[in-house]
Amino acid sequence: MKWRVIRLETRSAYSNMAIDNALIEGQKSGASEPTIRFYKWLPSAVSIGCFQSMNDEVDIERCNSLGVSYVRRITGGGAVYHDNKGEITYSVIAPEGLFPKGIIESYKVICGWVIDGLENLNIKAEFAPINDIIVNGKKISGNAQTRRDGAILQHGTILYDTDIRTMFSVLRVSAEKISDKMIRSAEERVTRVKDHANATQEELYDALLKGFTNGKDYEFGAYTEKELKRAEELEESVYSKNAWNFSR
Amino acid sequence: MKGSAKVKVPNGKIVEVKLDFDESINSIQILGDFFMYPESALKELESVLVGVSSSESEKNLTWIILETLKRNNATVIGVTPDAIANVIRKAIGNEVESNKT
């Protein structure tokens with residue numbers, strides 16, 4: 001079984017989520033190969049979990065003033081700030097049968113690839129169920145998974161040098177709480193690659209690439225015309241629409 | 001009347017309920033950072049809960065939630081039917097002695 005790897009690319013929040021959606025649909029029809037993709041978000045964006053309220057989780061005014069985008073994911077989980085300059089996101093989209101049936105076990109497998117990647121930078125990370133990866137007890141990566149029609153989609157973020165102050169100003173925290181105390185408190189819970197390794201972001205990407213592809217038969221590839229067409233449809237009809245993003 | 005309640009499930013995720021009710025539940029939203037798939041099962045669950053008596057016991061609410069999730073072949077991670085039922089009761093303001101959430 002051969003994996004297709006999509007090299008690190010940059011897209012809008014709507015496009016990134018539409019691509020993931022199109023690829024999980026493509027698994028059912030057989031139109032899409034099992035895929036690992038790495039990507040960034042431009043502009044920086046907040047993605048919220050499928051069951052969260054956009055207005056409760058995200059300071060929309062603040063996002064608009066900073067030019068930060070916002071989108072609802074098809075996966076559950078919490079709100080994530082995707083700093084264009086400070087974070088790398090991955091998605092794994094493949095037939096469900098390639099992974100353990102148990103949810104936690106399957107999180108552990110894919111999170112293990114992230115952990116292997118970080119190990120390449122001499123960062124000792126560990127899986128913290130349900131869906132986090134931690135270093136010295138602090139979260140460095142959040143992950144979210146769904147399954148539909150016999151396929152699995154897991155995507156996750158790896159913090160490189162995310163701007164914590166901006167993160168906690170766009171995620172719903174009242175302005176008066178953006179004090180030094182708040183930032184210190186956030187830093188106690190969150191950590192970044194840059195806090196542990198003197199690596200460039202390109203080196204982080206290379207390390208992750210190795211972690212994800214180690215021992216696998218894979219080749220670098222591109223999306224098919226059909227996948228891109230479906231993603232464009234989903235971007236236009238779902239992910240760019242308030243009806244979806246503000247549905248809760 | 002409107003009600004809301006939010007809890008962090010021990011070793012799990014956050015679940016929040018916002019509802020409008022009188023003698024029965026008129027509308028309800030179940031929110032949080034838990035995982036459920038197919039994701040459409042949550043909407044189905046909310047539909048089923050509309051019209052349910054607002055004095056329904058936590059035990060019966062748990063049963064309704066469990067049955068609806070089963071019928072939809074839903075997999076749920078980070079929250080349980082009894083935790084959702086507990087938060088619904090809290091949101092209605094008729095908190096029972098159980099405090100497992």
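## Strand pairing in chains A and B

In strand 2 of chain B, B:Val15 is the bridge partner of B:Val7. This is a predicted model, in which local features need pLDDT of at least 70 and side-chain atom pairs count only at pLDDT 80 or more, while totals for chains, interfaces and linings use all residues. Residues are numbered from 1 along each chain as its sequence is written, chains are lettered from A and ligands numbered from 1 in the order in which they are written, and side-chain values use heavy atoms, with hydrogens and water left out.

Helices (H or I, at least four residues) and strands (E, at least two) are DSSP runs numbered from the N terminus, and two strands pair if DSSP finds at least two bridges between them. In chain B, 3 strands form an open antiparallel sheet in the order 1-2-3, with strand 1 (2-8) and strand 3 (25-32) as the edge strands, each pairing on one side only.

In chain A, strand 3 (residues 45-48) is covered on both faces, since A:Ala45 and A:Ser47 on one side and A:Val46 and A:Ile48 on the other are all buried (under 20% relative accessible area, with a 1.4 Å probe and protein chains only). Within its pairings, A:Ile48 has A:Arg72 of strand 4 as bridge partner, whereas A:Ala45 has A:His82 of strand 5.

| Strand pair | Sense | Bridges |
|---|---|---|
| Strand 1 and strand 2 (residues 14-21) of chain B | antiparallel | 7 bridges |
| Strand 3 and strand 4 (residues 69-72) of chain A | parallel | 4 bridges |
| Strand 3 and strand 5 (residues 80-82) of chain A | antiparallel | 3 bridges |

Definitions and conventions: Buried < 20%, exposed > 50% of the residue type's maximum accessible area, 1.4 Å probe, protein only.
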